[in-house]
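Reader: I am new to this structure. Please show it to me, and then let me ask a few things.

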Amino acid sequence: MFDPNLFDQKHIQSQSSVALTVFAVGKYLDVYLGNFITSAEKHFMLGLQVTYYVFTDQADKVPIIELGPRRSLKVIQEFKGRFGSEALGDSVALVHAWYYKLPKDKFTYDRNPKSKAYMETGDYYYHAAIFGGLCDNVKDLADYCFLGIMEDKLNNVEALWHDESHLNKYFWLHKPSRLVSPEYCWDPVINEKRDINVTRLIWAPKHYDKLRTR
Ligand code: GAL
């Protein structure tokens, strides 16, 4: 139904490069990762530049596999320290690593009155990377964000930080019962970390230029 050479030529000409991300955590690393990469080396995007991003908690166990030309592998550690039951609660929100020290007027809430996420003020700036709680509460949060985003779409607006803006509005109206510190999702780019004794989960580098459609 298609001519593979036509597709290949087009992408080779435009020098497309492809990132393949894979999560290899715990036993899944031992059981699947080697075969996943070895077989990808035979079948996945041959002829193009390929980077495998392996997200793992056991960097030293990533198998060493000889890769073809213009193919490379980067290991990204996720979790670094205990992230345990102390983080559980009925409704859990994460304080954003970049804003926990800043005054409220610096918080990046949505400021467009046309958006459902619009807020004049709040108490914290939460990071949407992590949220949790009892099933009903998480469902309520997800529904709230979904409906807000849909209504915004109808009005042709998009909140400043997308789902995160709606999440901030939700937690302003329905206070979380547990706040987790930025330790639970720390950005290693922040040099000033006098308050942060342990990093538990860390941000992978953001590639907005590659990942954002607009
Ligand atoms: C950035 C982060 C975004 C968003 C934003 C809010 O540091 O990369 O995902 O949370 O802060 O201002």
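Reader: Which backbone nitrogen does the side chain of Asp152 reach?

Author: This is a predicted model. Asp152 sits in helix α3, residues 135–154. Its side chain comes to 2.9 Å from a backbone nitrogen, that of Lys116.

Reader: Asp152 has no salt bridge, so how far away is the nearest side chain of opposite charge?

Author: Asp152 is buried. A salt bridge needs a side-chain nitrogen of Lys or Arg within 4 Å of a carboxyl oxygen of Asp or Glu. The nearest side chain of opposite charge to Asp152 is that of Lys116, at 7.4 Å.

Reader: How many salt bridges does a search of the whole structure find?

Author: Side chains of opposite charge can pair when their charged atoms come close. Searching the whole structure gives a total of nine.

Reader: How many residues apart in sequence are the parts that Glu192 and Lys101 tie together?

Author: The side chains of Glu192 and Lys101 form a salt bridge, 3.2 Å from N to O. Glu192 belongs to the loop between β6 and α5, and Lys101 to the loop between β4 (91–95) and β5 (126–133), so the pair links parts separated in sequence by 91 residues.

Reader: Are Arg200 and Glu183 buried or exposed?

Author: Arg200 and Glu183 form a salt bridge, with their closest N and O atoms 2.8 Å apart. Buried means under 20% relative accessible area. Arg200 has 13% relative accessibility, so Arg200 counts as buried. Glu183 has 14%, so Glu183 also counts as buried.

Reader: Which residues do salt bridges that share partners join into one network?

Author: The pair of Glu192 and Lys101 is part of the answer. Shared partners join one network of Lys101, Glu192, Arg194 and Asp195.

Reader: What separates the C-alpha atoms of Pro188 and Thr199?

Author: Pro188 is placed in the loop between β6 (178–180) and α5 (208–211). Pro188 and Thr199 are eleven residues apart along the chain, and their C-alpha atoms are separated by 8.9 Å.

Reader: How far apart do the C-alpha centres of domain 1 and domain 2 lie?

Author: Domain 1 takes in 4–80 + 201–211, and domain 2 covers 85–184. Their C-alpha centres are separated by 32 Å.

Reader: Which residues make the nonpolar surface patch of about 600 Å²?

Author: One member is Phe7, placed in helix α1, residues 4–13. Phe7 has 49% relative accessibility, so Phe7 counts as partly exposed. The patch is made by Met1, Phe2, Leu6 and Phe7.

Terms used:
Residues numbered from 1 in each chain as written. Predicted model: local features only at pLDDT ≥ 70, side-chain atom pairs only at ≥ 80, totals over all residues. Heavy atoms only, no water. Patch = residues over 30% accessible without salt bridge, like charges linked within 9 Å, V, L, I, M, F, W, Y side chains within 5 Å. Areas by Shrake-Rupley, 256 points an atom, 1.4 Å probe, with all protein chains shown as cover. Helix = DSSP H or I, 4+ residues; strand = E, 2+ residues; numbered from the N terminus. Buried < 20%, exposed > 50% of the residue type's maximum accessible area, 1.4 Å probe, protein only. Domains from an automatic or database assignment. Lys, Arg positive; Asp, Glu negative; His and termini not counted. Polar contact = N/O pair within 3.5 Å; in protein donor to acceptor, adjacent residues only side chain to side chain.
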